[in-house]
Amino acid sequence: MLVNGVIWPKMAVEPRNYRLRLLNGCDSRFLVTQFFEVPPGAEDFTTATGPLAFTVVGSDQGLASAPSIVDTLVMETGSRYDVVFDFKTVTPGSRVIMKNIGGDTPFGFSYGADLEPGDVFPNRQTDRIMAFDVTLPLDGA
């Protein structure tokens with residue numbers, strides 16, 4: 001997965017709210033995004049906690065009339081969403097991984113159902129979108 005021109009980026013964050021502007025730039029893949037807390041430096045989900053709740057505040061049509069608290073967001077191709085994630089809810093020093101639980105096949109979106117064997121490619125690398133390390137001290141300014 002590519003985020004702001006970087007494959008599998010990692011970002012150090014403060015324990016506060018962050019607004020994330022998401023775009024599914026895939027030409028034929030639905031993304032089903034969730035956030036999971038893992039130990040510092042982890043890159044897999046063997047000891048993950050989650051999915052963690054986050055707030056959707058807008059989409060392609062602009063700001064939502066009311067925020068929605070969710071733990072899963074289905075993003076169709078070309079869609080845009082504004083979400084707020086509260087890193088105060090995460091254990092200090094931990095990592096949060098933004099994960100795609102959708103399939104790898106074109107338009108293979110199976111949220112709420114098991115993925116078919118052909119929906120997930122061997123040596124899968126599309127399930128990890130980005131990592132956030134909650135390691136920065138809170139800036140009071």
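Predicted model: local features only at pLDDT ≥ 70, side-chain atom pairs only at ≥ 80, totals over all residues.

Biologist: How many residues has the largest nonpolar core?

Modeller: The largest nonpolar core has 23 residues. Such a core is a set of buried Ala, Val, Leu, Ile, Met, Phe, Trp, Tyr and Cys residues joined through side-chain atoms within 4.5 Å. Buried means under 20% relative accessible area, with a 1.4 Å probe and protein chains only. Those with the most contacts inside this core include Phe35, Val83 and Phe132.

Biologist: Which element gives the most to this core?

Modeller: E12, with four residues. Strands are DSSP runs of at least two residues, numbered from the N terminus.

Biologist: What is valine 83 in contact with, leaving aside neighbours within four places in sequence?

Modeller: Among them are Tyr18, Leu20, Phe54 and Leu73. Contact means heavy atoms within 4.5 Å.

Biologist: Is threonine 33 buried or exposed?

Modeller: Threonine 33 is buried, at 1% relative accessible area. Its place is in strand E5.

Biologist: New topic. Which residues make up the covered face of E4?

Modeller: Tyr18, Leu20 and Leu22. The uncovered face has Asn17, Arg19, Arg21 and Leu23.

Biologist: How many bridges join E4 to E10?

Modeller: Seven, and the two strands run antiparallel. Asparagine 17 has aspartate 86 as its bridge partner in E10.

Conventions: Residues numbered from 1 in each chain as written. Heavy atoms only, no water. Buried < 20%, exposed > 50% of the residue type's maximum accessible area, 1.4 Å probe, protein only. Pairing = 2+ DSSP bridges.
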